[in-house]
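Look at the structure first, then read on.

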Amino acid sequence: LGVAAIYQQPALLPDLTVAENVALGYEGGGLLRRVGWRARRRRTRELLARVGARIDPDAVVSRLRMAEQQLVEIARALGTEARVLIMDEPTASLSGRDAEHLFAVIRELRARGAGIVYVSHRLEEIFALADRVTVLRDGALVASCALAEVDRARLIRLMVGREIASVFPERTGTRGEPVLEARGLACRAGGLREASLTLHAGEILGLAGLVGSGRTELARTLFGLTPADHGEILLRGRAVRIGSPARAVSLGIAYVPEDRRRHAVIGELPVAANLTLAILRELSRWGLLDREEERRQAGAMAARLGVRAASLDVPVATLSGGNQQKVALGRWLATRPSVLLLDEPTQGIDVGAKAEIYRLIVELAEQGLAMLMISSELPEVLGMSDRVAVMHEGRLVGVLSRERATPEAVLGLALGEGGVPAPPGAEAAPAG
């Protein structure tokens, strides 16, 4: 029918190669046809180049990062030469540079006469790309009009049904004592080359950088998923070895990963079970789970975070993206951590849900929780962070105070245009 779709969560076959996944979008023929492997790889490279991706066609998809999988998904859709292309949050995992490549492709397709349905919660993308805009809320059509007829403020009102004076909450607390310190941290398996930083109680430390810069790898190393080969980690001044997530949790470190559906929640399980997954030992006696206590604690956490669900018994997969994210956050808050690592905490959720997540993050900081927040959205990093650390090619190249963290300064460091590895707790700025 000439229609292709790009899904928010890549619908790729994880055990096949990039070239095999891309070929599924455009190759036809019967069971007895011969595969032209060389031509398949060449076509895959061409499609990946269109979206600015440098990915080996023979790489197994399961070994790719989330952003790389998203680029492969886009390349596969382009290979169909569809006349109508449906894109659902296609930039959710992409860096600014990768997103610009995609925008150029979209404009090229539009110039060729293709129709594009572009689903996004990122308003700047809507205003940069769209001719018309349609707003849905709670499954119902709210409005549909030419983009020229609405401004940002009105579009937000249509989306959330209320005014949002400021998306980013004001901070009133102060930074406390150092809680976590990394000195010269490196991990060969994770591609982390060198990272030094200090995280304080009550602080939101933003972590910026391009896709592949090592942001997620640093979080995974701090949480023990890919233990460090070199360097040291200190908690409240005491050197610790974090060789596994279990060890990290025992030390008071929690991690909410970026891929919500695969790693943060279990969609088939009910809300109550998801909220208590990390504290099952605490809720069990003699190997038996205390169901009454599970529901009590799950209910208290759901109320605390404002999780909207028909009941604690419904599967998490039936909730909206914003409520799923709250459940993922609540699961780790139940462990009562002192350090919280947040990887893309608002990815794929609408502006109203974002405002709620931001409010929760600020409340947690006001209560003394130390947070490292990774985000691909520069406005989010600048709006939420007390300080901003920047990664480039596996190195932490600078830490900027809130006053010095301008878009130009952060992007300059992220692109490798200045700065040196920052010593623990230092405020490094771009060269010049």
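## Second largest cavity

The lining of the second largest cavity has 2 nonpolar, 4 polar and 4 charged residues. Ala, Val, Leu, Ile, Met, Phe, Trp, Tyr, Cys and Pro count as nonpolar, Asp, Glu, Lys and Arg as charged, and the others, Gly among them, as polar. Among the lining residues are Glu89, His121, Arg122 and Lys354. The volume is about 40 Å³.

A cavity is a set of points on a 1 Å grid over the protein atoms alone where a 1.4 Å probe fits but cannot get out; lining residues have an atom within 4 Å of a point. Grid points are joined across faces, edges and corners, and a volume is the space filled by probe spheres set on the points.

## About the model

This is a predicted model: local features need pLDDT of at least 70, side-chain atom pairs count only at pLDDT 80 or more, and totals for chains, interfaces and linings use all residues. Residues are numbered from 1 along each chain as its sequence is written, and side-chain values use heavy atoms, with hydrogens and water left out.

## Largest cavity

The largest cavity has a volume of about 130 Å³. It is lined by 15 residues. Nearest its centre lie Arg65, Val211, Arg215, Thr216 and Glu258. The lining divides into 3 nonpolar, 6 polar and 6 charged residues.

Helix H7 (215-222) is one of the elements that supply at least two lining residues. H7 gives the most, with 3 residues. Helices (H or I, at least four residues) are DSSP runs, numbered from the N terminus.

Terms used: On a 1 Å grid over the protein atoms alone, a cavity is a set of points where a 1.4 Å probe fits but cannot get out, and a pocket is an open set with protein on both sides within 12 Å along at least five of seven lines; lining residues have an atom within 4 Å of a point.
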